[in-house]
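Colleague: Please show me the model, and let us then examine the terms applied to it.

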Amino acid sequence: MTIPLSEEQRAFKTAAERFAREKLAPHYQAREQEPAIDRKLVREMGALGLIGTDLPESHGGLGLPSETTGVIIEALAYGDFNVAYVQLLGSLCGQIIARHAAGDLAAQWLPRIVSGECLVSLALTEPRGGSDAANLALSARPTDTGYVLNGEKSSISIADQADASLVFARTGTPEDGARGVSAFLVPMNAPGVTASRFSDLGSKIVARGSIFFDDVQVPRANRLAAEGAGFVQVMQGFDFSRALIGLQCIAAAQASLDESWAYVSERKAFGAPLSRHQGVTFPLAEHESMAAAVRQLCYHTLRLRDAGQPHTAEAAMCKWLGPKTAVDIIHQCLLTHGHYGWSLDLPHQQRMRDVMGLEIGDGTAQIMKLIISREMLNRAR
Ligand SMILES: Cc1cc2nc3c(=O)[nH]c(=O)nc-3n(C[C@H](O)[C@H](O)[C@H](O)COP(=O)(O)OP(=O)(O)OC[C@H]3O[C@@H](n4cnc5c(N)ncnc54)[C@H](O)[C@@H]3O)c2cc1C
């Protein structure tokens, strides 16, 4: 199931699909044993123009619609769900920097994100909780020249391999709530910054971890948006990443679906190919339909974004429905492969583990449903 594409989008789709087929898919499982995302692959994707195409031309991007980023991430995640975090974080962090950083700071980082020379993480979650995201303890104390950061971020993707991190910190009092939070771009080699990594169920090369800030001096020029506007303004970037995550997850599920259709055409049981048994094909048909529906929702959301229309509720729908549907699909595909599916040799188990992480990352289903409810109640009023 495809969407109508412009000539330009078709060219990006072809380039991304070729890269995914030749470079990503053959090593998706072997890559799980590697310690980090291969920077050579990242630079290759940058050279092909596959990172941050939505970022402004003035900073090395191509200024293309969000929808094109969706086309690229879907094609790449079909080959390797985890490598596609590069596009996800590149566009999420890149857009926040492009919209909210001062010109010099943006000029310093954006061209290197686009070229694949650097990776930027997004550090919001703290040890005491991620869902109540504005309730931050990490402090940014003002000085004459900037701020001093102290505290810990937890559960951060690419924590110990990023070159910089977009850090949300409290500049106001706890009573200020979301309005007391500011955002900073902090180089990971700044004195006082250290990082650790967790032992995870999936997405091992994405390597979540903690980032510790011990009297870290951050120049005022590295603050994004106005003081206290970090949460309210900068968080709007999540409406973009949530639609991209939906596509990233559905692409991984589509890979398992395609492999399952091929498998049931060849494998025989009761004297006929499995595909002759409707008990085998109907679940796949149902999941193919769900994948198509979620894909359309994600592109619809990206088109709303490109048209400058509200899309917060739609983005939250993509974020809870996409990963959940993808996990359900891959689970069914694993079962369709019988005992082979249970083997570590086939990719379904890894895809299921990898995709499941994004049922939590970037906000859980419950939080997405809170957002949808709030938006719908606002519309009703
Ligand atoms: C793969 C992965 C990647 C991640 N990457 C990043 C990253 O790059 N940067 C970053 O900052 N964070 C990242 N995270 C952290 C993620 O955003 C948080 O884990 C998430 O927001 C949930 O926070 P929590 O784990 O503290 O759960 P909690 O907030 O403790 O919630 C626990 C459970 O309670 C439910 N719950 C909480 N409040 C409510 C409520 N009001 N109503 C109903 N249910 C509720 C939640 O849905 C959840 O099921 C990542 C997490 C994962 C798994």
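Colleague: Why does C298 count as buried?

Modeller: Buried means under 20% relative accessible area, exposed over 50%, and partly exposed in between, with a 1.4 Å probe and protein chains only. C298 has 0% relative accessibility, so C298 counts as buried. This is a predicted model, in which local features need pLDDT of at least 70 and side-chain atom pairs count only at pLDDT 80 or more, while totals for chains, interfaces and linings use all residues. Residues are numbered from 1 along each chain as its sequence is written, and side-chain values use heavy atoms, with hydrogens and water left out.

Colleague: What makes the sulfur of C298 too far from that of C318 for a bond?

Modeller: A disulfide is a pair of cysteine sulfur atoms within 2.5 Å. The sulfur of C298 lies 3.8 Å from its closest cysteine sulfur, that of C318, and is therefore too far for a bond. For C93, the closest cysteine sulfur, in C118, is 9.9 Å away, again too far. Searching the whole structure gives zero disulfides.

Colleague: Why are the buried residues of helix 2 said to line one face?

Modeller: Helices are DSSP runs of H or I, at least four residues long, numbered from the N terminus. In helix 2 (residues 39-47), the buried residues are L41, V42, M45 and G46. Seen down the helix axis, they fall within an arc of 140°, taken from the directions from the axis to the C-beta atoms, so they line one face. K40 and A47, on the other side of helix 2, are exposed.

Notes. Helices (H or I, at least four residues) and strands (E, at least two) are DSSP runs, numbered from the N terminus.
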